[in-house]
Amino acid sequence: MFQEENIHSVFTIRVAAKLTGISPGTIREYERQGLLRIHRASQNNHRLFTQAEIMWIMQIWQLIHREGLNYEGIRRLLLITPCWKIIKCPNEYRDNCKVYEENKSACWSLEKLPECCIESQR
């Protein structure tokens, strides 16, 4: 889905909406609900998203529309469930995943998306 060279790219909300197929209003609602960590451009205060955050936006949508969770359900899930279970990473990617080994943060919260996440999303 995403190219490896786009790991460090930063996307505006308009581009994020186009890449995910999710409206800017819905993305803003995910932010209001505390499900997204938003970065702002210093020049114009626009919302900016990394590739990992774009993947997470799509995952939030799937949790709501395919799994039937609501915002509170997702917040509670995030407190107790590791990221690899939420995004259903295959075992072959988990075995080589730094996030899986350390269990300290979710893959979508990192500055650089781990290679295993890139591969598992292709």
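Author: Buried means under 20% relative accessible area, exposed over 50%, and partly exposed in between, with a 1.4 Å probe and protein chains only. Here buried residues make up 38% of the 122 residues in the protein chain. This is a predicted model: local features need pLDDT of at least 70, side-chain atom pairs count only at pLDDT 80 or more, and totals for chains, interfaces and linings use all residues. Residues are numbered from 1 along each chain as its sequence is written, and side-chain values use heavy atoms, leaving out hydrogens and water.

Reader: How many helices and strands does the protein chain have?

Author: Helices (H or I, at least four residues) and strands (E, at least two) are DSSP runs, numbered from the N terminus. The protein chain has eight helices and three strands. Along the sequence the pattern reads β-α-α-β-β-α-α-α-α-α-α.

Reader: Which residues of the largest nonpolar core touch the most other members?

Author: In soluble globular proteins, nonpolar side chains tend to be buried together. A nonpolar core is a set of buried Ala, Val, Leu, Ile, Met, Phe, Trp, Tyr and Cys residues joined through side-chain atoms within 4.5 Å. The largest one holds 24 residues, and Ile27, Leu36, Phe49, Ile57 and Ile60 touch the most other members. α3 gives the most to this core, six residues.

Reader: Is Arg47 buried or exposed?

Author: Arg47 is buried, at 18% relative accessible area. Arg47 lies in strand β3, residues 47-49. A polar contact is a pair of N or O atoms within 3.5 Å; within protein, one must be able to donate a hydrogen and the other to accept it, and residues adjacent in sequence count only if both atoms are side-chain atoms. The side chains of Arg47 and Glu31 make one of 2.5 Å.
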